[in-house]
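Thanks for coming. I will talk through one model today, so please have a look at the sequence and the coordinates first.

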Amino acid sequence: MSESSLAEVLRARGLRLTAQRQLLLQAVLDLGHATPEQVHTAVREVAAGVNITTIYRTLELLERLGLVTHTHLSHGSPTYHAAGEHQHVHLVCRECGAIDEIEPELLRPLDDRLVAERGFRVDIGHVALFGVCGGCADGGAPGRGGAGK
């Protein structure tokens, strides 16, 4: 997202574009899938004075504005990524921590059945499937080690 687009979204909500907000959003975009702690580390490389509380508050704001979204890929902190990305299902390797993505169409039959039988609609953007990646299962090179996409 360009700086002017972010400024427009913020102004429409009566907020202003700050350097910290811009840095944080850029870190999420650059990292792909990242926890608040990973975003904090990336932002601190540029602005050492940014504290973790500011990271959490700003991520919450950016999510309310529809610019980022989160999912829970482990028992720890949520993982954030840009909301503008297409919806996808997360594949999380329990061995190496790699995060991969698959198209949501693979879960469409399950979603359709749940709607028909229970009136329940799956929020595909928050789905994470846990298992072992091909690299770890084959005993070869593990996935990306949690680096995300």
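This is a predicted model: local features need pLDDT of at least 70, side-chain atom pairs count only at pLDDT 80 or more; totals for chains, interfaces and linings use all residues.

Residues are numbered from 1 along each chain as its sequence is written, and side-chain values use heavy atoms, with hydrogens and water left out.

Let me start with the core. The largest nonpolar core has 18 residues. By that term I mean a set of buried Ala, Val, Leu, Ile, Met, Phe, Trp, Tyr and Cys residues joined through side-chain atoms within 4.5 Å. Buried is under 20% relative accessible area, exposed is over 50%, and partly exposed is in between, with a 1.4 Å probe and protein chains only. L24, V39, I55 and L62 have the most contacts inside this core. Two or more residues each come from α1 (3-12), α2 (19-31), α3 (36-44) and α4 (52-64). Helices here are DSSP runs of H or I with at least four residues, strands are runs of E with at least two, and numbering is from the N terminus.

Take L62 as an example. Neighbours within four places in sequence aside, L62 is in contact with L6, L24, L25, L67 and V68, contact being heavy atoms within 4.5 Å.

Now α3. Which side of this helix is buried? In α3 the buried residues are P36, V39, H40 and V43. They lie on the same side of α3, because they cover an arc of only 105° around the axis; the arc is that of the directions from the helix axis to the C-beta atoms. These buried residues pack against α2, α4 and β2 (79-82).

On to the helix pairs. α2 and α3 pack at an angle of about 115°, with axes 9 Å apart. Axes are lines fitted to C-alpha atoms, for helices over the stretch in contact, and angles run from 0 to 180 degrees between N-to-C directions. On the α2 side the residues are L23, L24, A27, V28 and L31, and they meet Q38, V39, A42 and V43 in α3. The axes of α3 and α4 come within 9 Å and cross at roughly 115°. That contact involves P36, E37, V39, H40 and V43 from α3, with I52, I55, Y56 and L59 from α4.

Next, the sheet. It is open, has three strands in the order β4-β3-β5, and its pairing is mixed. Strands pair if DSSP finds at least two bridges between them. The edge strands, each pairing on one side only, are β4 (99-102) and β5 (128-131). β3 (residues 89-93) and β4 are antiparallel over four bridges, and V92 stands opposite I99 in β4. Between β3 and β5, which run parallel, there are also four bridges, and H90 has A128 in β5 as its bridge partner. Four of the five residues of β3 are buried, so this strand is largely enclosed by the rest of the structure.

In the hairpin of β3 and β4, five residues sit between the strands, and G97 takes a positive phi near 85°.

Last, the threonine. T71 lies in strand β1 (residues 68-71). Is T71 buried or exposed? T71 is buried, with a relative accessible area of 0%. Beyond four places in sequence, T71 is in contact with P78, T79, H90, G125, H126 and V127.
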